[in-house]
Amino acid sequence: MPWSARFDDPIPLPRGRQLVTLQDAGTCITRLPKAEHEATEWQAAMEALILVATLGGPTMMARIGVMRALNRHVVREFNPNHKRHGGAGGNWRGIDDRDDRA
């Protein structure tokens, strides 16, 4: 697969830019400051890019690597208000375990 292969979905960057091809992502990584470029996440992203470009494979693998590196400092927080409830009774099986026969 050539470096000009396109990602299924472009990778959004800060300030509205996007990475569209494997080459775009590789160039972006090589232009990072040295300290950031040597971060484990960026090294893994570059390795994924090289593997996809040289050996073929789904561009999604390289995209995942780049996205993980871009979001490595993002802390995900649990928000209990976003919990999904299945079924009418809220049970994950869709069965209401309450005993309403009393």
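**View 1. The buried residues of helix 3.** In this predicted model, helix 3 has a set of buried residues: Trp42, Ala45, Met46, Ala48, Leu49, Val52 and Ala53. Looking down the axis of helix 3, you will find these buried residues within an arc of 160°, so they line one face of the helix. Here is a handy rule for reading this view: an α-helix has 3.6 residues a turn, so residues three or four places apart point the same way.

**View 2. What the buried face of helix 3 meets.** Which elements do the buried residues of helix 3 pack against? Their partners are strand 1 (6–12), helix 1 (22–30), helix 2 (34–37) and helix 4 (59–70).

**View 3. The other face of helix 3.** Turned away from the buried side of helix 3 is a face with the exposed residues Thr40, Glu47, Thr54 and Leu55.

**View 4. Helix 3 from end to end.** Helix 3 covers residues 40–55, and at 1.5 Å a residue its 16 residues should span 22 Å. The C-alpha atoms at its ends are 22 Å apart, which agrees with that expectation.

**View 5. Stepping back to the protein chain.** Of the 102 residues in the protein chain, 26% are buried. The accessible surface is about 8000 Å², with 52% of it belonging to carbon and sulfur atoms. Among contacts between residues at least 6 apart in sequence, 45% join residues at least 24 apart.

Key. Residues are numbered from 1 along each chain as its sequence is written. This is a predicted model: local features need pLDDT of at least 70, side-chain atom pairs count only at pLDDT 80 or more; totals for chains, interfaces and linings use all residues. Side-chain values use heavy atoms; hydrogens and water are left out. Helices (H or I, at least four residues) and strands (E, at least two) are DSSP runs, numbered from the N terminus. The expected span of a helix is 1.5 Å times one less than its number of residues. Buried means under 20% relative accessible area, exposed over 50%, partly exposed in between (1.4 Å probe, protein chains only). The arc is that of the directions from the helix axis to the C-beta atoms. Contact means heavy atoms within 4.5 Å. Accessible areas come from the Shrake-Rupley method with a 1.4 Å probe; for residues, only the protein chains shown count as cover.
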